[in-house]
Amino acid sequence: MNISFENPDKINGLMTITVEQADYQEKVDKTLKNYRKRANIPGFRPGTAPMGMIKRQFGTQVKMDEINHLLGEKLTEYIRENKIQMLGEPLASEKQQPQDLAGDGPFTFMFDIAVAPEMNAELTAKDKITYYNIKVDDKLIDDQVKMYAQQAGEFQKAEVFNGNDTITGDLRQLDEKGSTLEGGITTDSGMIMPAYIKDEAQRKLFDGCKPGDIITFNPKKAYPDNDAEVAALLKVDKEQVKDLESDFSFQVTEIRHFQPAEVNQTLFDRVFGEGTCKDEKEFRQKIADTVKLQLQQNSDFRFLQDVRAYLEKKVGDVKFPEALLKRVMLLNNQDRGADYVEKNFDGSIRELKWHLIKEQLVSANQVKIEDDDVKAVAKDIVRQQFAQYGMSNVPDDVLENYAAEQLKKRENIDNFVDRAVELKLMQTLKSVIKLTEKSVSLEDFNKLMQEK
């Protein structure tokens, strides 16, 4: 077997592999002997069919399978031993000539290989990047206290409508004279929140209403250009309200007022677990500690974005084997076609460039992750998911179990690994480069993120 690799422009590689009969014949013969032992051919007992018949029937296919296996093995071995940083998969070369596999060879196979471009993505103490520390001020803590009180709140019956109350009532479609339309739309226990009515005149009709009051209003005027909202209120199909212009009567049956929970021991225990906070001062401090940790994640995310932008600029323009990569991308997106490749190619190249930069940084800084790092990422993601529903005191064993379930799903693992690598790389880079730390409010930080 002979293998050669041409890479004159450093990014477009051509690998040529010549396979001789001696490279595959021994294994082909062994396989055919096994076929003979198992072959069920009419007129012959298993293992007694003439080898010539076995070769005529199975020989070419067995040879093709063995050559394909040999090519894959040797190609991978050559790339690994010669440290070729291949992008994507090898492709059958456009220079490939037809091979008559029915013969004995030699056979020549050619592969086009996209090679990663050379770049220098080094970071040292001479490099400076701003790190934004988000301040946890009283307003931020007040907002969190209010959020927790809202999450723990409940609806209570009210005698008079006010502000953000929810009203339940029976709706009847009216005719031009203001009487109930015979055969019209009727809805029992329709629910409406006047605060969300778009039209001010329609919204004011509900001011100060009480159970038993009958209000005449127009749903289409109340929710202009929102047939879905009107259909949901009337509990009918969206098509039925398309040309609806009628007024409706709304007889109020119930008014419910949302009452946030009191900021007391019950709320403290609900949010952070029983006995964790003994008074409001400890509650606010616990909130501050929790928020600070969450905001640090935001700061770290921005830091990594800034590292990326800094390095992409420092590395500068990089030439990729675009024609080859488009072929690879098209092969991986055959159902989407060439238009999809053209539309998304530039974005893919940007992500590929960043991926290669990260690989260099990981290698240069000897960043390694263990199973525990991946498990920690899975657990943290689960914790964040619970926190979105106001559940901040989820027991550790519950988090462990949920994380374990997430790690059983193959589609999650690559994302967890990537995240673990980024986290460890980020922490390493903080100690390598010069950080220019800057304190900002959450409001200013959010503005910075919008500008990004």
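This is a predicted model: local features need pLDDT of at least 70, side-chain atom pairs count only at pLDDT 80 or more; totals for chains, interfaces and linings use all residues.
Trainee: Which residues lie closest to the centre of the largest pocket?
Mentor: The largest pocket holds about 1,200 Å³ of space. Its lining is made up of 35 residues, and those closest to the centre are Gln 294, Gln 297, Asp 380, Arg 383 and Gln 384.

Trainee: Which elements each supply at least two residues of the lining of the largest pocket, and how does that lining divide by class?
Mentor: The elements that each supply at least two lining residues are α3 (138–151), α8 (280–315), α11 (371–387) and α13 (410–432). Sorted by class, the lining of this pocket comes to 15 nonpolar, 11 polar and 9 charged residues.

Trainee: Where does the largest share of the lining of the second largest pocket come from?
Mentor: The second largest pocket, with a volume of about 270 Å³, is lined by 13 residues, and Leu 325, Val 328, Met 329, Ser 348 and Leu 352 are the ones nearest its centre. Two or more lining residues come from each of β3 (86–92), α9 (322–332) and α10 (337–364). By class the lining has 7 nonpolar, 5 polar and 1 charged. The largest share, 6 residues, is given by α10.

Trainee: Which element gives the most to the largest nonpolar core?
Mentor: This core has 33 residues, of which Leu 87, Phe 303, Val 307, Leu 325 and Ile 357 touch the most other members. At least two of its residues come from each of β3, β5 (128–134), α8, α9, α10 and α13. The element that gives the most, with 9 residues, is α10.

Trainee: What does Val 307 touch, leaving out residues up to four places away in sequence?
Mentor: Val 307 is one of the residues that touch the most other members of the largest nonpolar core. With residues up to four places away set aside, Val 307 touches Leu 123, Ile 129, Trp 354 and Leu 429.

Trainee: Why are the buried residues of α6 on the same side of the helix?
Mentor: In α6, which runs over residues 227–234, the buried residues are Val 230, Ala 231, Leu 233 and Leu 234. They lie on the same side of α6 because the arc they cover around the axis is only 160°.

Trainee: What covers those buried residues of α6, and what phi does Lys 235 take?
Mentor: The cover over the buried residues of α6 includes β7 (166–173), β8 (186–192), β9 (214–217), α5 (219–222) and β10 (248–259).

Trainee: Is Phe 5 buried or partly exposed?
Mentor: Phe 5 sits in strand β1, residues 2–6, and, apart from residues up to four places away in sequence, touches Gly 13, Leu 14, Met 15, Tyr 78, Ile 84, Ile 113 and Val 115. Buried would require under 20% relative accessible area. The relative accessibility of Phe 5 is 22%, so the residue counts as partly exposed.

Trainee: How far is Gly 208 from Met 86 in space, C-alpha to C-alpha?
Mentor: Gly 208 has its place in the loop between α4 (200–204) and β9, and at 35% relative accessibility counts as partly exposed. Neighbours within four places in sequence aside, Gly 208 is in contact with Val 160 and Phe 161. Gly 208 and Met 86 are 122 residues apart in sequence, and their C-alpha separation is 72 Å.

Terms used:
Residues are numbered from 1 along each chain as its sequence is written. Side-chain values use heavy atoms; hydrogens and water are left out. On a 1 Å grid over the protein atoms alone, a cavity is a set of points where a 1.4 Å probe fits but cannot get out, and a pocket is an open set with protein on both sides within 12 Å along at least five of seven lines; lining residues have an atom within 4 Å of a point. Grid points are joined across faces, edges and corners, and a volume is the space filled by probe spheres set on the points. Helices (H or I, at least four residues) and strands (E, at least two) are DSSP runs, numbered from the N terminus. Ala, Val, Leu, Ile, Met, Phe, Trp, Tyr, Cys and Pro count as nonpolar, Asp, Glu, Lys and Arg as charged, and the others, Gly among them, as polar. A nonpolar core is a set of buried Ala, Val, Leu, Ile, Met, Phe, Trp, Tyr and Cys residues joined through side-chain atoms within 4.5 Å. Buried means under 20% relative accessible area, exposed over 50%, partly exposed in between (1.4 Å probe, protein chains only). Contact means heavy atoms within 4.5 Å. The arc is that of the directions from the helix axis to the C-beta atoms.
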